[in-house]
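Hi,

Here is the structure I promised to pass on.

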Amino acid sequence: MRRLSSNLPRFNASPYYADKEKLGRGRWSVHKIPLLGRLRGIMARMGRKMKIRLLFLLMILLSIIIFYNSPLVYHYRRSPWLGGGQKFVILLGANIGGGVMDWKGSREWAVERYSVKNKKNYAARWGYDLEIVDLRQKKRYAHEWRESWEKVDYVRTALKKYPKAEWVWWLDLNTMIMEPSYSLQEHIFNNIEKHVYRDINEYNPLNITHPLTDPYLDAESRSPIGDGKGSSVNLMLSQDCSGFNLGSFFLRRGPWTDRLLDMWWDPVAYEQKHMEWEHKEQDALEQLYVAQPWIRKHTGFLPQRMINSFPAGACADGGNDTRIHYDERDRDFLVNMAGCEWGRDCWGEMYSFRELSYYLNRNPWERFKEDLIAVIWEKLTGQKVKL
């Protein structure tokens, strides 16, 4: 049993015990007790219940730190029955090697470097697979070169390479994921019916006649929304001011997708129309959508700013369009610098959006350093510092 006197101050037995103590320099001053001794004293005075609560709190805090700073969080988010990250593959079209005929300067290298890093960090964060494909390695198919048609072939290859993947997400190189804290599941796939619109008349820049009214078609083909179920959507894309945009789109694994890819890659259609289709595989998909009822009823459209926001310089003939252009206040998920190589500065736009993404997604410690410490230092010294 602990004695009451165990916590009382102790005096050294010394012939000078009667000496007058100087202020603040007592022999039993708390400042002379080592830190370990203080902790022991605090623990000795603490009740049993309080000790158990403190231990429980420390265990929870330690578990959180270990979970988020170890591969456990990656495997948790990737597992098919927990996070579900294994169901998604990101395909990023790039020009990895450069080369003599497709020469890249320092700005082109910088754009590619930051775009690839952006996708790698996002895929690693949420447990997705990432496949970086080299669009400059042109393949020769029979008698024709398929410039800019590689998307179709790479999607088909990815579905074979990743047999556990349910969805393939294609991204062009000039894209930047602005909000890496948004998972695809939370952003889109947990509630597809809420985000997707099936009736193209909701936004129809191509003036496509919809729905089809031919009497020989079934009820779903004549319906503007197909069967209305999210489970029947196999292709998700957005539309810009000119029509379909394939800078960011999703395809679901299944027989329907296999059939679509076969028709999309049809060499006969390519031979007859490739000189007329300015946007190549994009125009081919638009033609298939117009002519094939079975494609319409399994195609869904996402609002452009949900997966494919444009910077102010793209589709800017009519000024800023709240349906198309990126809005910092709404924290749009992804920006596509489409067409920046034609009269705009790709690297300037990429750098600007990269810095904006960092600023918007700073953690509390980074905000404290940059918004308080750095500002105070600048006012005191007149020099800017980046912490």
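N361 lies in the loop between α14 and α15 (364-381); helices here are DSSP runs of H or I with at least four residues, strands are runs of E with at least two, and both are numbered from the N terminus. This is a predicted model, where local features need pLDDT of at least 70, side-chain atom pairs count only at pLDDT 80 or more, and totals for chains, interfaces and linings use all residues. Residues are numbered from 1 along each chain as its sequence is written, and side-chain values use heavy atoms, with hydrogens and water left out.

N361 is partly exposed, at 28% relative accessible area (buried is under 20%, exposed is over 50%, partly exposed is in between, with a 1.4 Å probe and protein chains only). Which residues does N361 touch, leaving aside its neighbours within four places in sequence? They are M178, E179, P180, S181 and R331, where contact means heavy atoms within 4.5 Å. N361 and M178 are 183 residues apart along the chain, yet their C-alpha atoms are separated by 8.7 Å.

Now for α14 itself, which covers residues 346-360. W347 and Y351 both sit in this helix, four residues apart, or about one turn. Their rings make a tilted aromatic pair, with 5.5 Å from centre to centre and 50° between the planes. For the rule: rings of Phe, Tyr and Trp (its six-membered ring) pair if their centres lie within 6.5 Å, and planes under 30 degrees apart count as stacked, over 60 as edge-to-face and the rest as tilted. W347 counts as buried, at 17% relative accessibility, whereas Y351 is partly exposed at 39%. Over the whole structure, the search finds 20 aromatic pairs. One aromatic cluster is made of F88, Y122, Y128, W167, W169, Y182, F189, F250 and F333.

Helix α14 also packs against α4 (residues 106-126), at an angle of about 35° and with the axes 9 Å apart. The axes are lines fitted to C-alpha atoms, for helices over the stretch in contact, and angles run from 0 to 180 degrees between N-to-C directions. The crossing of α4 and α14 is left-handed, meaning the near helix is turned anticlockwise from the far one by less than a right angle (clockwise would be right-handed). On the α4 side, R107, A110, V111, Y114 and S115 meet C346, W347, G348, M350 and R354 of α14.

Y114 has something else going on: the charged end of R113 sits over its ring, 5.4 Å from the centre. That label needs NZ of Lys or CZ of Arg within 6 Å of the ring centre and within 35 degrees of the ring normal. R259 does likewise over the face of W294, at 3.9 Å from the ring centre.

Last stop: strand β1 (residues 88-94), where seven of seven residues are buried. In a regular strand the side chains alternate between the two faces of the sheet. Here F88, I90, L92 and A94 point one way, and V89, L91 and G93 the other way. What does β1 pair with in the parallel sense over five bridges? That is β5 (residues 167-171), and V89 stands opposite V168 there. β1 also pairs in the parallel sense with β2 (residues 129-134), over six bridges, and G93 stands opposite V133. Two strands pair if DSSP finds at least two bridges between them.
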